[in-house]
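Hi,

Here's the structure I promised to pass on.

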Amino acid sequence: MRTGTLFDPIEQDLHTDEYKINMGPQHPATHGVLRLILTIDGEVIKNVEPDLGYIHRSIEKICERDNYRQIVHLTDRMDYLSSHINNEAVCLLIENALEIEVSDRVKVIRTILDELTRISSHLLWWGVMGMDVGALTTFMYGFREREMINDIFENTCGARLTMNYNVPGGLMWDIYSGFVRDTKAFLKHFKPKLKEYNDLLTDNIIFRKRTEGIGVLSKESAIAYGVTGPTMRGSGVSCDIRKLFPYSAYDRVEFEEIFMQGGDTFDRYLVRMKEMEQSIHIIEQLIDNIPEGETLEKTRAVIKLPKGEFYQRVETARGELGVYVISDGKKSPYRMKFRSPGFSNLSVINEIAVGHKIGDFVAIISTLDLVIPDIDR
Amino acid sequence: MLDNQSIKDILFAQNDTLEFSEENSAFLNVWVAPEELHSLGLFLRDDPRLRFDYLFCMTGVDWPTEDTLEIVCHLRSIPLGHQMVLRCKTGSRDNPELDTLSDIWPTTHMHEREIYDLFGIRFKGHTNLKRLFLDPSWDGHPLKKDYVDEVNLIVK
């Protein structure tokens with residue numbers, strides 16, 4: 001019989017077991033109804049299995065029933081933080097298929113709003129990312145600036161989130177008279193804030209310790225798993241659709257594609273922070289030079305695409321959104337597929353999370369920047 | 001970066017049963033027989049002239065008039081920049097089965113689960129083939145054209 005003392009290595013006969021815990025679907029760090037089944041040993045993650053479908057609405061099946069004008073409205077329910085860019089993807093696809101050339105005015109306004117959307121989405125991500133690792137202030141700061149962008153959206157089209165300002169053939173209507181003034185006021189306000197953000201979080205020693213070297217995604221894995229957007233660029237792979245396959249007015253502006261080489265959580269964080277600077281730079285080039293022109297080209301009331309297959313991609317705040325349509329010449333597509341950036345980015349989660357502790361796992365999901373309706377569709 | 005004709009020539013030299021089409025599509029489409037799907041996938045990824053290492057979109061299509069289901073894989077080469085579409089039709093619509101591509105492009109692991117869920121195509125060799133979005137007890141595969149659901153699907 002053993003007599004235990006304080007220093008007796010009594011645990012040497014014991015072993016630990018792996019067990020499973022649920023993270024989500026109501027966990028605050030999963031940002032939506034994402035359920036992750038974690039297999040853990042102590043606090044170390046051995047396996048992650050995502051369980052999806054809590055907000056699956058089968059948008060692709062609905063698309064086979066609805067006409068093309070209606071489909072535009074479905075897309076901003078997917079990645080609701082990039083709603084304007086999602087709408088643009090479908091509109092560009094229809095315009096290319098019908099060979100409609102929109103005016104320069106439309107292209108420039110779309111691009112300005114794309115970049116405002118990107119800043120707004122990154123701001124929300126930044127606020128929530130800080131909150132996930134325990135810095136509650138960032139959430140308030142991020143939302144404070146985001147509010148100004150949402151006000152511009154509201155004055156432009158009436159909606160703050162699900163915009164639907166893009167329609168096939170152009171824009172629903174022209175921009176309001178104070179659009180340029182408000183956008184410039186936002187840029188003036190926002191530029192010094194980025195420095196404040198960096199002082200507050202980026203250079204914070206606790207934050208750096210929580211993110212550096214955590215969740216390293218290698219270049220090879222990023223490519224093999226089809227990762228996209230800032231997550232991919234954090235690993236040093238060029239994949240910016242705005243550079244590779246320019247659309248709207250991206251071919252006439254000068255901006256930098258941001259890369260990092262390390263692929264860890266902090267690098268993914270830095271990519272998004274620097275992307276906001278580039279977005280400001282893009283808007284500044286365009287905002288004083290919005291050309292005159294028509295805002296809406298004439299299209300038929302019922303749009304029918306010619307027979308064939310079409311693929312259109314855009315760069316949302318999360319990466320490449322692809323819209324793939326097989327048309328049989330009718331008013332609804334025969335088959336419509338949305339290749340959503342979040343879906344591919346989620347698939348790599350097991351690869352980068354294994355071996356880390358649960359606390360670090362929260363930071364890892366945060367920099368994947370998942371939006372669940374975008375994954376479930 | 002290779003143009004479509006060069007990709008076609010390389011693939012035709014490798015396998016002369018392939019079917020090609022560029023009509024009504026933005027990309028070069030390549031149809032492969034189900035039994036050669038996996039070996040062609042490996043060739044596309046590993047051949048130094050092609051290096052299709054990035055599969056960015058994978059989906060299924062139902063063709064009831066031809067009694068077949070089809071998978072469509074959009075491929076891009078990150079180092080070289082060219083693109084193509086790999087397609088494969090299943091033998092039958094009622095018992096569709098194809099080889100998995102998830103050991104070639106790991107991203108298809110989840111895409112194949114989605115296709116199984118919504119089209120019912122089973123992927124041989126897939127390590128975790130179960131429904132992705134819908135409940136395990138769900139009846140039928142919703143993206144098939146003859147799917148009927150009187151409760152959840154409003155048909156106009």
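A:Tyr311 and B:Phe56 are both buried, meaning under 20% relative accessible area with a 1.4 Å probe and protein chains only (over 50% is exposed, in between partly exposed). B:Phe56 comes out at 0%.

Before I go on: this is a predicted model, with local features needing pLDDT of at least 70 and side-chain atom pairs 80 or more, while totals for chains, interfaces and linings use all residues. Residues are numbered from 1 along each chain as written, chains are lettered from A and ligands numbered from 1 in the order written, and side-chain values use heavy atoms, without hydrogens and water.

Rings of Phe, Tyr and Trp (its six-membered ring) pair if their centres lie within 6.5 Å; planes under 30 degrees apart are stacked, over 60 edge-to-face, the rest tilted. A:Tyr311 and B:Phe56 are edge-to-face, at 5.6 Å and 70°. A:Tyr311 is in strand S6 of chain A and B:Phe56 in strand S3 of chain B, so this pair joins two chains; strands are DSSP runs of E, at least two residues, numbered from the N terminus. B:Tyr54 and B:Phe56 have centres 6.3 Å apart and planes at 25°, so they are stacked. A:Tyr311, A:Tyr324, B:Phe27, B:Tyr54 and B:Phe56 make up one aromatic cluster.

There's also B:Lys145, whose charged end sits over the ring of A:Tyr334, 4.0 Å from its centre (the rule: NZ of Lys or CZ of Arg within 6 Å of the ring centre and within 35 degrees of the ring normal).

Cheers

Terms used: Helices (H or I, at least four residues) and strands (E, at least two) are DSSP runs, numbered from the N terminus.
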